[in-house]
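Try each task yourself before reading its solution.

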Amino acid sequence: MQDISRFEQMRLLGEGRGTSRREFMQYCSALAVLMGMGPAFAPQVAHALTKKKRPSVIYLHCAECTGCTEALLRNVGPFFDELIMETISLDYCETVMAAAGDASHDALLKAMNNPEGYICVIEGGIPTKHGGEFGKVGGQTMLQLCSEVASKAMATIAMGSCASFGGVQAAAPNPSGAKGTNEALAHVGVKAINIAGCPPNPANFVGTVVHLLTKGMPKLDQWSRPLMFFAQTVHDKCPRQKHFNKGEFAPSFTSKEAKQGWCLYKLGCKGPYTYNNCPTQLFNQVTWPVQSGSPCIGCSEPGFWDQYSPFFSAIEDGPDEK
């Protein structure tokens with residue numbers, strides 16, 4: 001049988017589940033635009049997603065709910081199986097790997113000894129109090145494990161707000177001393193890319209991986225988030241902003257005004273203070289919280305559990321309503 005290209009294999013795989021080559025290229029074009037590169041960059045995105053040599057990825061889980069992985073599992077472009085079979089080589093991930101016990105530890109050591117290096121992804125806050133004793137995996141503290149793996153990685157991605165800033169584990173009184181990746185691993189010189197969100201949009205993770213493969217380290221903001229995804233506030237692109245500008249605020253979630261698309265600021269929306277691309281990059285190209293009738297809770301901002309709760313109450317000294 002004549003050999004076919006990797007791209008052709010992916011096209012056939014996609015068509016088997018209802019995704020044509022045209023649709024795949026449309027996704028690549030959309031991802032290129034999301035990355036701020038323009039649609040002309042789509043062929044390079046397609047090449048990065050389908051090239052034969054796939055980068056090794058070690059995916060570590062710390063103190064979290066696994067919601068970030070759940071979001072990634074539900075990604076539709078590429079599908080998760082395509083992502084790990086065609087784009088990256090997911091060599092270690094406790095949530096989806098079949099191996100357990102010594103076999104899983106052996107897989108981790110093998111991945112760490114890959115002569116071509118690896119990308120480390122961390123999900124969850126890292127407990128640091130009492131030497132990290134509040135969180136262990138395979139007899140090692142999460143702090144020890146992440147320090148060892150991330151310090152040797154060619155790049156580290158903090159997946160979600162827990163890994164980025166500590167998340168709910170770091171909320172007061174924070175008994176485990178949970179911290180985000182960069183704070184917890186500063187002693188070993190780790191500088192992670194923060195894909196903040198609770199959970200983050202899987203497209204932002206895929207876009208970051210593609211950028212690392214094609215252009216290297218992306219430009220980051222003061223919180224180490226990629227500017228290509230976190231340069232504007234949710235409020236900047238919110239379709240309800242016109243009602244905010246007119247001073248039209250929904251009085252309740254069940255009101256006719258809420259159903260007519262009036263602003264949710266007085267119902268607790270933190271969009272004016274939150275940097276993320278939710279309004280323009282829908283979850284799985286379908287929806288996002290405000291479109292579904294829920295206010296933004298500021299989940300991609302540092303310390304949002306303490307700073308922005310209760311979530312359905314407006315910030316008293318908020319922006320001018322007129």
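The exercises below go from the whole protein to a strand, a helix and an annotated site.

This is a predicted model, in which local features need pLDDT of at least 70 and side-chain atom pairs count only at pLDDT 80 or more, while totals for chains, interfaces and linings use all residues. Residues are numbered from 1 along each chain as its sequence is written, and side-chain values use heavy atoms, with hydrogens and water left out.

**Exercise 1.** Work out what share of the 322 residues is buried.

Solution. Start with the elements: the protein has 15 helices and seven strands (DSSP runs numbered from the N terminus, with helices being H or I of at least four residues and strands E of at least two). Next, apply the burial cut-off (buried is under 20% relative accessible area, exposed over 50%, partly exposed in between, with a 1.4 Å probe and protein chains only). The buried share comes to 51% of the 322 residues.

**Exercise 2.** Explain why strand β3 (residues 119-123) counts as largely enclosed.

Solution. First, count: five of its five residues are buried, so the rest of the structure largely encloses β3. Second, look at the faces: in a regular strand the side chains alternate between the two faces of the sheet. One side of β3 carries Ile119, Val121 and Glu123, the other Cys120 and Ile122, and all are buried. Third, find the neighbours (strands pair if DSSP finds at least two bridges between them). Strand β1 (residues 56-61) runs parallel to β3 and is joined to it by five bridges, with Ile58 opposite Cys120. Five bridges also link β3 to the parallel strand β6 (residues 155-159), where Ile157 is the bridge partner of Val121.

**Exercise 3.** Find which residues of helix α7 are buried.

Solution. Applying the cut-off along α7 picks out Met142, Leu143, Leu145, Cys146, Ser147, Val149 and Ala150. That is seven of the nine residues in 142-150, so α7 is largely enclosed by the rest of the structure.
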